Amino acid sequence: MDLSGIPGAVLVENGPIVIHQGNQDADLDALPFPRRDLTAHYRNSYFSEWMRPLASIRTSKGCLFRCRFCALWKLTGGRYITRKPECIVEELGTIGEKFIFFADDESFLDTNRMGMLADLIQRAGIRKRYFLYGRSDTVAKHPDLIEQWKKVGLERVFVGFEFMRTPI
């Protein structure tokens with residue numbers, strides 16, 4: 001069976017592992033919102049640590065960095081694709097859960113977009129409690145963005161430490 005035409009398929013071809021990337025121009029905003037009604041019966045079982053009930057949302061895919069410890073850039077071909085903030089707010093408005101996990105690979109990669117998203121969430125009056133992944137250098141360089149997000153409900157940032165300098 002030939003699986004080479006399936007985007008994202010990972011195959012072993014004559015020894016090496018080959019990842020078929022597929023369309024380089026994916027439009028995340030063109031995808032329909034998840035059918036959360038199909039899992040309504042199980043929603044109270046969705047949680048992470050102290051956050052229950054929990055829903056997740058994806059606002060971006062990929063990462064522009066090439067960290068040595070991470071294979072994501074290989075899996076996504078080094079691409080970083082995002083959803084428009086307006087589409088994200090529209091989807092957030094359909095979510096009943098109090099806690100929201102941003103299932104992005106790195107949510108704050110585009111700080112301007114995330115600032116616009118926080119503004120739109122505030123203007124829409126959406127009251128949720130958020131947690132997401134963020135790079136330590138982004139968090140350190142943009143305390144104003146973190147404060148802006150705190151005002152709209154950001155409670156937790158899972159921080160990755162991408163590098164460390166040792167004293168000479």
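User: Let's start with E97: is this residue buried or exposed?
Analyst: Before we look, note that this is a predicted model, in which local features need pLDDT of at least 70, side-chain atom pairs count only at pLDDT 80 or more, and totals for chains, interfaces and linings use all residues. Residues are numbered from 1 along each chain as its sequence is written, and side-chain values use heavy atoms, with hydrogens and water left out. Buried means under 20% relative accessible area, exposed means over 50%, and partly exposed is in between (1.4 Å probe, protein chains only). The relative accessible area of E97 is 10%, so E97 is buried.

User: Which residues is E97 in contact with, leaving aside its neighbours within four places in sequence?
Analyst: E97 is found in the loop between α2 (85–92) and β6. Contact means heavy atoms within 4.5 Å. With the sequence neighbours set aside, the partners of E97 are R43, P53, L54, A55 and K128.

User: How many helices and strands does the chain have?
Analyst: Helices (H or I, at least four residues) and strands (E, at least two) are DSSP runs, numbered from the N terminus. Starting at the N terminus, the elements run β-β-β-β-α-β-α-β-α-β-α-α-β. That makes five helices and eight strands.

User: Among contacts with a separation of 6 or more, what percentage comes from residues 24 or more positions apart?
Analyst: The chain has 168 residues, and 36% of them count as buried. Among its contacts with a separation of 6 or more, the share from residues 24 or more positions apart is 70%.

User: What is the angle between the planes of F102 and W149?
Analyst: Rings of Phe, Tyr and Trp (its six-membered ring) pair if their centres lie within 6.5 Å; planes under 30 degrees apart count as stacked, over 60 as edge-to-face and the rest as tilted. By this rule there are eight aromatic pairs. F102 and W149 form one that is edge-to-face, with 5.6 Å centre to centre and an angle between the planes of 90 degrees.

User: How many residues apart are F102 and W149?
Analyst: F102 sits in strand β6 (residues 99–102), while W149 sits in helix α5 (residues 143–152). Both F102 and W149 are buried. Their pair links distant parts of the chain, and their separation is 47 residues.

User: Is the aromatic pair of Y133 and F158 edge-to-face or tilted?
Analyst: The ring centres of Y133 and F158 are 5.7 Å apart, and 50 degrees lie between the planes, which makes the pair tilted.
This pair also links distant parts of the chain, with Y133 in strand β7 (residues 129–135) and F158 in strand β8 (residues 154–160). Y133 is partly exposed at 35% relative accessibility, and F158 is partly exposed at 27%. To return to the label, the pair of Y133 and F158 is tilted.

User: Which residues form one aromatic cluster?
Analyst: Y133 and F158 both belong to the cluster.

User: Which side chain of opposite charge is nearest to E106?
Analyst: Lys and Arg count as positive and Asp and Glu as negative; His and the chain ends are not counted. A salt bridge is a side-chain nitrogen of Lys or Arg within 4 Å of a carboxyl oxygen of Asp or Glu. E106, in the loop between β6 and α3 (111–124), is buried yet has no salt bridge. The nearest side chain of opposite charge is 4.6 Å away and belongs to R135.

User: Which ring has R135 over its face?
Analyst: A charge sits over a ring if NZ of Lys or CZ of Arg is within 6 Å of the ring centre and within 35 degrees of the ring normal. R135 lies at 3.5 Å from the ring centre of F65.

User: Which residue forms a salt bridge with R58?
Analyst: The model has eight salt bridges. In one of them, the closest N and O atoms are 3.6 Å apart, and R58 is joined to D105. R58 lies in the loop between β3 (54–57) and β4 (60–62) and its partner in the loop between β6 and α3, so the bridge ties together parts that are 47 residues apart in sequence. R58 is partly exposed at 31% relative accessibility, and its salt-bridge partner is D105.

User: What is the N to O distance in the salt bridge of R129 and E155?
Analyst: R129 is partly exposed at 27% relative accessibility, and E155 is partly exposed at 31%. Their side chains meet in a salt bridge with an N to O distance of 2.3 Å.
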